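User: I would like to go through this structure step by step. Could we begin with the way its helices pack?

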Amino acid sequence: MEEIRVLSPTAILGYGFPQASLDEGMRRKPHVIAVDGGSTDAGPYYLGFEPGQNESGQSGAFLESLSRDTEPLLLAALEAKIPLIIGSAGFAGGNIHLMGMLSVIQTIAAKHGLHFKMATITAEVDKAHVHQRLQENRVRPLGPVDQLQPEDIDASIRIVGQMGVEPFIDALEQGAQVIVAGRANDPSMFAALPILHGFDRGLALHMAKILECGAIAAEPGSGSDALLGTIRHDSFILEPLNPERRCTRTSVAAHSLYEKSDPYKLLGPGGYVDLSASRFEEINERSVMVNGSRFVKDPECWIKLEGASLVGYRTIAVSGIHDPVGLTQIDHFIESAHEAVNDKFSDLRGKFQLHFHVYGRNGVMPEFDASVIPQNEVGIVIEAVAESQAQATSICAHARTVILHLGFPGRVSTAGNLAFPFSPLDIPAGPVYRFNMYHLIQEDDPCALFNTNVFEV
Amino acid sequence: MATALKNIAQIIRSKNAGPFELTLDVLFSNREDFERAQKSGVLSAQTIAELYQVEIEDVLSVHFFAPAWAFKATIVRKISSGTAGDFDVFGAQQHAPLLDLEIPALDHAPDKM
């Protein structure tokens, strides 16, 4: 084969794409449609959340948007007789998320009477296995995190591993036309087919890294539009499928840096792509060609693990201040609320957190100097996190009551210091998690943590 | 003449690099502006530590990346993404301290070639 064309319809499945972009993509006769289904970027909630008896791993609205995106992709792939590969299914890529994605596909298949060979690849990792590897000294931190402790493993609600290209290649070799996988390193879905057909691994992974975010690497950028990648044996070309967008040297080079710490190395399972000799060239008004990216194999196989543990339950109150005298008292309000809450809830000391997000006064960058008094108004989001939802709500309620009725010198508006847009004033926001595992685990086989099941739909 | 970084950079942005790191990207639209910024010596780990009020050890890396005419620095997040007390889950609005960073004229750069 001289080239392989990889169609990336959207940055994350569920973000949507124009039908015209998919149609244009299919006219280019792609060899595969690949799409990233998730990320850690939206925080640990999606990995940690434990559904109740009558809930699935995802909200109904999320499943609806998944279905809306998946239906045209599935129909297009089957009509063109090319594989559809979805990785990091259901956002976090755990087993419940994978099952949710599978049910979406089965529902669409039943609706249209579609039949195909399907593969699911799980990414959830057994805690006992991680304990064993930890004892063997084959787990290490990734970046600025602590060494893993056995209790971290036990505290994780679920643990997922990021698969590389190998499980996808295995499923393709088994003839799967639709592949749905749990947590995957973002480029894996896009690089698997080119690597299977012998294209250069460095070029394939670099192209995949840019494709995985859809048209974010175009100008104007969009996470809800498509990008086509064409790989040859010495280079690859990127082109957006919406004529209103173009890839430029800067947009593609910029995306090579996106969401990673070292611009020269694209790290992933099995090794890294060395970008120090990469060249980016605009070959026409809308397309960029890249060459020179080189894969450096790691002699050892290290897989990234992600785990989330429960921190507590959050309740928030949303409020605003418009009174010009009140605007001079924000620090006084916050200090008084902390004091009053610490006093009233002294039995819970150390077991709750109270935060104030003061929008209009460095709410987005709270470490920065906030000495300037806002001229018009500020919004204050009160955030209480405690061991139970009821405690969090009580703490939040006390904090906002204290501020609402706090007296201060020069006070004119004695009826209340805060405006609340909503009743109820205190809004239970559910469980709060943290990423408590962000480590690498050593395996002998890149497929070891991932179980593939091939079946007919 | 000295100028603010925002006047010579095309893109100035911040984003998570995983849940525990924040990465800052500055991209220039031409080699001249890139080299001016690089040769100025202003974009350093020390500058990033001061701008972001973090310890120098928490500036994990600073790089100039010539293929993209880019500068990149990565710092430790004070609160990991999306847990209690976080204020920017994606880390996408932490770029502003870079905007007005003063870049001296190339002629006055300390290590002018």
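**Helices, sheets and the chain contact**

Analyst: This is a predicted model. In chain A, helix H8 (residues 188-196) packs with helix H9 (residues 201-211) at an angle of about 155°, and their axes are 8 Å apart.

User: What does that make H8(A) relative to H9(A), roughly parallel or roughly antiparallel?

Analyst: H8(A) is roughly antiparallel to H9(A), because angles over 145 degrees count as such. The crossing of H8(A) and H9(A) is right-handed.

User: Which residues make the contact?

Analyst: H8(A) contributes A:Phe190, A:Ala191, A:Pro194 and A:Ile195. From H9(A) come A:Arg201, A:Ala204, A:Leu205, A:Met207, A:Ala208 and A:Leu211. By class, the contact of H8(A) with H9(A) has nine nonpolar residues, no polar ones and one charged.

User: Now the sheets. What is the order of the 10 strands in the open sheet?

Analyst: In chain A the order is S12-S13-S9-S8-S1-S2-S3-S7-S4-S19, with mixed pairing. S12 and strand S19 (452-456) of chain A stand at the edges with a single partner strand each, so one side of each has no neighbour in the sheet. From one strand to the next, the twist averages 20°.

User: How many bridges join S8 to S9 of chain A?

Analyst: Five bridges join strand S8 (residues 227-231) to strand S9 (residues 236-240) of chain A, and the two run antiparallel. A:Leu228, for instance, stands opposite A:Glu239 in S9(A).

User: Which strands does H10(A) lie across?

Analyst: H10(A) lies across S9, S12 and strand S13 (288-291) of chain A, and runs at about 150° to S12(A).

User: And what is the order of the open sheet of three strands?

Analyst: That sheet of chain A has the order S10-S11-S14, with antiparallel pairing. Its edge strands are S10 (265-268) and S14 (294-297) of chain A, each pairing on one side only. The twist here averages 25° from one strand to the next. Four bridges join S10(A) to strand S11 (residues 271-274) of chain A, where A:Tyr272 is the bridge partner of A:Leu267.

User: Last topic: how many residues of chain A are in contact with chain B?

Analyst: 42 residues of chain A are in contact with 37 residues of chain B. S18(A) gives the most, with five residues. This side of chain A has 22 nonpolar, 12 polar and eight charged residues.

How values were computed:
Residues numbered from 1 in each chain as written. Chains lettered and ligands numbered in written order. Predicted model: local features only at pLDDT ≥ 70, side-chain atom pairs only at ≥ 80, totals over all residues. Contact = placed C-beta atoms within 7 Å. Nonpolar A, V, L, I, M, F, W, Y, C, P; charged D, E, K, R; others polar. Axes fitted to C-alpha atoms, helices over the stretch in contact; angles between N-to-C directions. Parallel < 35°, antiparallel > 145°, perpendicular 65-115°, else oblique. Left-handed = near helix turned anticlockwise from the far one by under 90°. Pairing = 2+ DSSP bridges.
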